[in-house]
Amino acid sequence: LLNRVITVVDGEGKPVEGRVEIDRGETRWRFPPEKAWRAGTHALRVDTILADRAGNSVERPFEVDIVRPVERSILSRVMELPFEVGPR
């Protein structure tokens, strides 16, 4: 699932080639790129279907809504976290 729902893209929205590494009991995600990082804006894209064992997602972490009913279907959206790579 982690190979499918987490991607790294460059400033133009193109996927960055690399390898996904999972360790520490599936609590750490690492992404060594195939080629050296290029300076500029990049982004980590995470599909909101990703959740921990307790059901917390990146879209609504640790949130329980006691007013709205529980959604019966899984809605998939992508959230994006931009980051900068500086020159070497």
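This is a short tour of a predicted model, from the whole chain down to single residues.

Residues are numbered from 1 along each chain as its sequence is written. Local features need pLDDT of at least 70, side-chain atom pairs count only at pLDDT 80 or more, totals for chains, interfaces and linings use all residues, and side-chain values use heavy atoms, with hydrogens and water left out.

**Whole chain.** Colour by secondary structure. You get 1 helix and 5 strands, in the order α-β-β-β-β-β. These are DSSP runs: helices are H or I, at least four residues; strands are E, at least two; numbering starts at the N terminus.

**Valine 8.** Select it in strand β1 (residues 6–10). Valine 8 counts as buried because its relative accessibility is 5%; buried means under 20% relative accessible area, exposed over 50%, partly exposed in between (1.4 Å probe, protein chains only). Now show its contacts (heavy atoms within 4.5 Å). Beyond four places in sequence, they include Trp29, Phe31, Trp37 and Phe83.

**Salt bridges.** The structure holds 5. Each needs a side-chain nitrogen of Lys or Arg within 4 Å of a carboxyl oxygen of Asp or Glu.

- Select glutamate 80 and arginine 45: their closest N and O atoms are 2.5 Å apart. The pair joins strand β5 (residues 78–85) to strand β4 (residues 40–47), 35 residues apart. Glutamate 80 is partly exposed at 46%, and arginine 45 is partly exposed at 26%.
- Move to lysine 14 and glutamate 12, at 3.1 Å. Glutamate 12 is exposed, at 63%.
- Finish on Arg19, Glu21 and Arg30, a salt-bridge network. Within it, arginine 30 and glutamate 21 come to 3.3 Å.
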